[in-house]
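Hi,

Here is the structure I promised to pass on. Have a look, and my notes follow below.

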Amino acid sequence: MRVLLTGSAAPPPPDGAWPQGVTTPAAGQGVPTLADVASWWAPHADLDVVALAAQGPGFLDALAPVAPEVLAGVVPGPAGSEVPVALRRRTADAGGAPTRPTVYVDASQVPAAGDAGTLGPGSPDPTVPARSSTAVGHLLALAVDAARDPAGAPGCVVLATGSSTSHDAGLGALRALAGAEVGRVAGDAAVEVLRAARAALGGTDLVAAVASDVPLLGLHGASATLDGRGVDAAVAQHLERELGAVAHDVAAAVDRLASDGAVAGGALVGRDLLATATTGRRLAGLPGAGSGGGLGHAVAALGGRLVPALRVLADDLGLDERLAGADAVVVLADELGAHELGDGTVREVAARAGRHALPVVVVARSVVAGRREQAAAGLSGAYAWEDGDPRALVARVARTWSRG
């Protein structure tokens, strides 16, 4: 029996991690890793292990089988420091034939830049941390150069936006790409910054691998999610206003460039004939525009595409082809609930497995989704170890779902 194993028992990090007080959860004592579960299941079936991680260092690690080349570099960081970064480059397809270079980068490698501030007079004076995405812009510039083929033709750059500590709608990244001075840009200055940033891409196919479908603004936007991370409500409201101002300036710049016929990414070009919203306003509302504190918004303004990170990984790792050779699928999870069934690995894998009529089994620390939700997601079974021994549970489930 051939079993495809994927997932992670570590709690998923928040998309757009706040600069203070947020750390990326990792598997610790008592939390099994994918390798642990593989070793426990191995005596009962042949395994094909596929690592999938929507954000953070795990995103680049998961791509090692198809993008084995690791490039090291440095980008300017806060206060003139240099920040070491790693990029993965793919130059061959699954069969080993040369293909257009694709460079993968992770925004969580670089810290937010800028100066910390306060809300000013009349406020309880909560601190607003540095949150500019300037370093991400330098990281993108490095990736654009690395993605060129030997003849200098542009390639593809995939930016994983989740877990970035920036929170500025991607304004710092746009300015860094354009070589512009720090500060808000509006009017003609915004048009020139956006024009120069697009020119810096030089025809590169830019993709934001977004960790969630959060928009930039509104009740479910990037700033609205901060209250669950202990961020002062006044700070969150202040940031919402700032993101709104950036979105307004970028909207005007996108429309100006569209009227000049200088916009990349045709699907997002032009005015909506059925509504009064401009292209730029629709960019702010795109699913994933708020990912990474608004890095998705900047990528969309540059004419790039916003694609769920798990879909990017599944496609590039050839998950569909690997599912075709499997008899069953096992997904490891922290909690089987709204996240996993909405944006998580369980949803992505189960949807693909369904096209192959494969049974999908989830092994998790806890299961909060009911049988109806599980069935709707295409799951054949879900098992939780709760306070018990995960190894014993995995062995029991393996015996249940393995033949011969």
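Gln 374 is buried, at a relative accessible area of 12% (buried means under 20%, with a 1.4 Å probe and protein chains only). Bear in mind that this is a predicted model: local features need pLDDT of at least 70, side-chain atom pairs count only at pLDDT 80 or more, and totals for chains, interfaces and linings use all residues. Residues are numbered from 1 along each chain as its sequence is written, and side-chain values use heavy atoms, with hydrogens and water left out.

Gln 374 sits in helix α13, residues 371–376 (helices are DSSP runs of H or I, at least four residues, numbered from the N terminus). Leaving aside residues up to four places away in sequence, Gln 374 touches Leu 336, Val 367, Ala 369, Leu 379 and Ala 382 (contact means heavy atoms within 4.5 Å).

A cavity here is a set of points on a 1 Å grid over the protein atoms alone where a 1.4 Å probe fits but cannot get out, and lining residues have an atom within 4 Å of a point.

What lines the largest cavity? Leu 171, Leu 174, Val 185, Ala 190, Val 193, Leu 194, Val 250 and Ala 253 do. Helices α4 (171–178), α5 (187–201) and α6 (233–259) each supply at least two of the lining residues, with the largest share, three residues, coming from α5.

Cheers

Terms used: 1 Å grid on protein atoms, 1.4 Å probe; cavity = no way out; pocket = protein on both sides within 12 Å on 5 of 7 lines; lining within 4 Å. Buried < 20%, exposed > 50% of the residue type's maximum accessible area, 1.4 Å probe, protein only.
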